[in-house]
Amino acid sequence: MANGKLYTLKRGDTILHLAHENGFRAWEPIWLHPNNAALRQQRPNPHVLATGDQLFIPDKEPLDHSCHTNRKHTFRVPSLTQYLQQTLLDANHEPLAGLPYLLTAGGRQFRGKTDNNGYFKQEIPIHVKTAELKLWLVPGNETSAREWTLEIGHLEPI
């Protein structure tokens, strides 16, 4: 039996946040652990987990590296990266394409435009649990702006 703990997901939990909170530099060692095989079958997307799902979080295992002494060695340590991605549609399910947006997350602001499908993807700080999105339906017209509060990790599986 592997050492670790069985964690029951709460609303708003994400595999990225759990990896970060448990000292992992990547979420894959948790998700790909053999004890999570049944969950992987039930939930093919690790970024869309449900409240009540049980995720095994293994103990971290130190890595050993054999290196020559009296030489310089460079080690690159990956860091967790969180993205917010969304497709924005109007009331008729048509893409809100090519429109400017302002995303505020973790005290930082990100500006961009939706693509031809109304899609955007933005890297945000790993600790962020909520974000504010402002979209201008008519570029430059403040009265056309729409605003939403986005809760990261609150997307439940269908």
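Questions and answers on this structure follow.

User: What kind of model is this, and what pLDDT do local features need?

Analyst: This is a predicted model, in which side-chain atom pairs count only at pLDDT 80 or more, totals for chains, interfaces and linings use all residues, and local features need pLDDT of at least 70. Residues are numbered from 1 along each chain as its sequence is written, and side-chain values use heavy atoms, with hydrogens and water left out.

User: How much space lies in the largest pocket?

Analyst: A pocket is an open set of points on a 1 Å grid over the protein atoms alone, with protein on both sides within 12 Å along at least five of seven lines. Grid points are joined across faces, edges and corners, and a volume is the space filled by probe spheres set on the points. For the largest pocket this gives about 610 Å³.

User: Which residues are closest to the centre of the largest pocket?

Analyst: Lining residues have an atom within 4 Å of a point. The largest pocket has 23 of them. Closest to its centre are His-47, Tyr-83, Leu-84, Ile-152 and Gly-153.

User: Which element gives the largest share of the lining of the largest pocket?

Analyst: Helices (H or I, at least four residues) and strands (E, at least two) are DSSP runs, numbered from the N terminus. Helix 1 (15-21), strand 3 and strand 8 (145-151) each give two or more residues to this lining. The largest share is 5 residues, and it comes from strand 3.

User: How many charged residues are in the lining of the second largest pocket?

Analyst: Asp, Glu, Lys and Arg count as charged; Ala, Val, Leu, Ile, Met, Phe, Trp, Tyr, Cys and Pro as nonpolar; the others, Gly among them, as polar. The second largest pocket holds about 430 Å³. Of its 16 lining residues, those closest to the centre include Arg-25, Lys-60 and Glu-61. By class the lining has 9 nonpolar and 2 polar residues, and the charged ones number 5.

User: What is the volume of the largest cavity?

Analyst: A cavity is a set of grid points where a 1.4 Å probe fits but cannot get out. The whole structure has 1 cavity of 30 Å³ or more. Its lining includes Leu-9, Asp-13, Leu-49 and Glu-156. The volume is about 40 Å³.

User: Why is strand 7 largely enclosed by the rest of the structure?

Analyst: Buried means under 20% relative accessible area, exposed over 50%, partly exposed in between (1.4 Å probe, protein chains only). Strand 7 covers residues 130-136, and it is largely enclosed because, of its 7 residues, the number buried is 5.

User: How many bridges join strand 7 to strand 8?

Analyst: Two strands pair if DSSP finds at least two bridges between them. Strand 4 is joined to strand 7 by 5 bridges, running antiparallel; there, Leu-102 has Lys-134 as its partner. On strand 8, Arg-146 stands opposite Leu-135. Strands 7 and 8 also run antiparallel, and the bridges joining them number 7.

User: Is His-33 buried or exposed?

Analyst: His-33 sits in the loop between helix 2 (28-31) and helix 3 (37-42). Leaving out residues up to four places away in sequence, it touches Ala-2, Glu-28, Arg-40, Phe-56 and Pro-58, where contact means heavy atoms within 4.5 Å. Its relative accessibility is 14%, so His-33 counts as buried.

User: What is the phi of Asn-70?

Analyst: Asn-70 lies in the loop between strand 2 (54-58) and strand 3 (82-87). With 83% relative accessibility, Asn-70 counts as exposed. Asn-70 is not a glycine, yet its phi is positive, at about 60 degrees.
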